[in-house]
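Here is a short tour of one protein model.

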Amino acid sequence: MSLYHRVQEEVARRADALWAVASALHADPETAFAEHRAAALLSGELERAGFEVRRETAGLPTAFTARSGRSRPVVAFPLEYDALPGLGHACGHNLIAAAGLGAALVTDAVLGGDGGTVLAVGTPAEEGGGGKALEVEAGVFDEVDAALMFHPGVYDWARAPLTAQEQYLVAFQGRAAHPTGNPTEGIDALAALIELFNVVSALGRRLPEGSHVQGIVTHGGTATNIVPEFAEGRFGLRALTTAALDDLAAQLRTAAEGVALATGTTVTVERASVRYEHFRDSTVLSERFAGHLDRAGITLTPPAPGVYLGSSDIGNVSGRVPAIHPFVAVMGADGSDHTPEFAEAAASERARRVLPAVVEALACTAVDVLRDADLRGRAWEGLRRAAA
C-alpha cells in the first residue's frame, strides 16, 4: 500500500473528529493572546496521540509546540486559532487549526517517526499580535525544513500574495498656553500632527505600487482653551516587500522630523506593533500541495493579477524556512473574510468537505518533504534565491 493511500485512509478515519475540533473552536471564539481553551484543546489532542507537548512557547501563554521525533528533517504545521473581536472565526482560523492538527496526526501515524520529525506549532494572535513572528525570534523554527499550512478563503489560489506591514506611534511635544491670553507662548503639538497628515497625504501620491500609509489621531489635546502640548497619531504602513516597508518607515520618520523642525516641536517615532514580513512562497512545495489537492477535485491557480494588501505573520516564517500558505475557498468569490458571512462559511457544509481534502494534501506534502531529500534541497534553494 502506498504512503499516499495510507494517508487517505487515516484522514477518512479521523474526518469526523477533526470536524468536531473545528466546530468546537468555532463555537467558542477567543481573541489574540487569550486563546486558552483553544490551545488546551489542540495541545491535549496532540498529547493524547503521543506527541511531546511544551506549553507557553516563546513566553506566550497560549502558544505551544508538539513534537513527534527528534531527528532532521523536520516538518512544521503552524496552527492558528485566534478569532476576531465581535466577529468570531471570520477568518476561518478554526479550520486552519483543525487542518494543521489533522495533518500532524496523520503524518505521524503514517510514518511512525521513521526518518524525521513532525512538529505542530500553536501560533496565537495572527490577527495583529504576531505570534509566529515572536516564535521566529525565539528560535522555534530554527531547525525546521518546511512549514506547511493553508488558509480558507474565497478563492482557490496556490499561493498567498501577502504583503509586509507594521504600525508606528508618532508623538509631538510642544508647549501649553492659553490660545487667546498668551498665544505666542504656545507651541501647538496638534498642529504639528495635522501637518504630518498633510505631508503623508502628499507622500502617498508618489509611493510605489503596494505601499500605503493610513493614520489616526490617538491624542489631540485635553481642552479647546489650551494649546495642545502633546499630540499623538498611530500610522499603519504596508508594502509589497519587507524592504519596501523599511523604506516607507524611513520616509515617515523623515517627514515627522521635518515637521517637528518646521513647527518647533520635538517628535518621537516608535514602532507600535510586531512587524509582519511579506510572504515568500516555496513554489516547489506549493506545486506539490496543489497536485495532491487536485486529486480531491480542488484545482488551485495562481493569484489573479493585482495588488493585495493582506498580511500575516507566516511571512516571518517564510523568510527563514520554505513555507506554503495556499488559499482554499469555503465560500464564493463574491464574499470576503472578516465578515459575519465568512464566519458562517467557516462552519458550513462546504468547509466540512474542504477540511479532509486539505488535511490529506498537507499530510501528503509533509510525507514528500520528509522522504525526499531532493525536494527539500530544491525548496531550500528556492528560498535562497528569494532572499538574494
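Is Asp 145 buried or exposed? At 8% relative accessibility, Asp 145 counts as buried. Buried means under 20% relative accessible area, exposed means over 50%, and partly exposed lies in between (1.4 Å probe, protein chains only).

This is a predicted model, where local features need pLDDT of at least 70 and side-chain atom pairs count only at pLDDT 80 or more, while totals for chains, interfaces and linings use all residues. Residues are numbered from 1 along each chain as its sequence is written, and side-chain values use heavy atoms, with hydrogens and water left out.

**Asp 145.** This residue sits in the loop between helix H4 (131-137) and strand E5 (146-148). Helices (H or I, at least four residues) and strands (E, at least two) are DSSP runs, numbered from the N terminus. The side chains of Asp 145 and Trp 380 are joined by a polar contact of 3.4 Å. Such a contact is a pair of N or O atoms within 3.5 Å; within protein, one must be able to donate a hydrogen and the other to accept it, and residues adjacent in sequence count only if both atoms are side-chain atoms. Setting aside neighbours within four places in sequence, Asp 145 also touches other residues, including Arg 72, Pro 73 and Arg 376. Contact here means heavy atoms within 4.5 Å.

**Arg 371.** Helix H10 (residues 349-371) holds Arg 371. Between Arg 371 and Pro 73 lie 298 residues in sequence, but 8.8 Å in space, C-alpha to C-alpha. Beyond four places in sequence, Arg 371 is in contact with Leu 3, Leu 111, Asp 114 and Arg 376.

**Thr 242.** Helix H6 (residues 242-263) includes Thr 242. Thr 242 counts as buried, because its relative accessibility is 7%. Its contacts, leaving aside neighbours within four places, are Ala 164, Arg 275, Glu 277, His 278 and Arg 280.

**The whole chain.** Some totals come next.

| Property of the protein chain | Value |
|---|---|
| Helices and strands | eleven helices, twelve strands |
| Span of the C-alpha trace along its principal axes | about 90 × 45 × 40 Å |
| Buried residues | 51% of the 388 residues |
| Contacts with a separation of 6 or more that join residues 24 or more positions apart | 80% |
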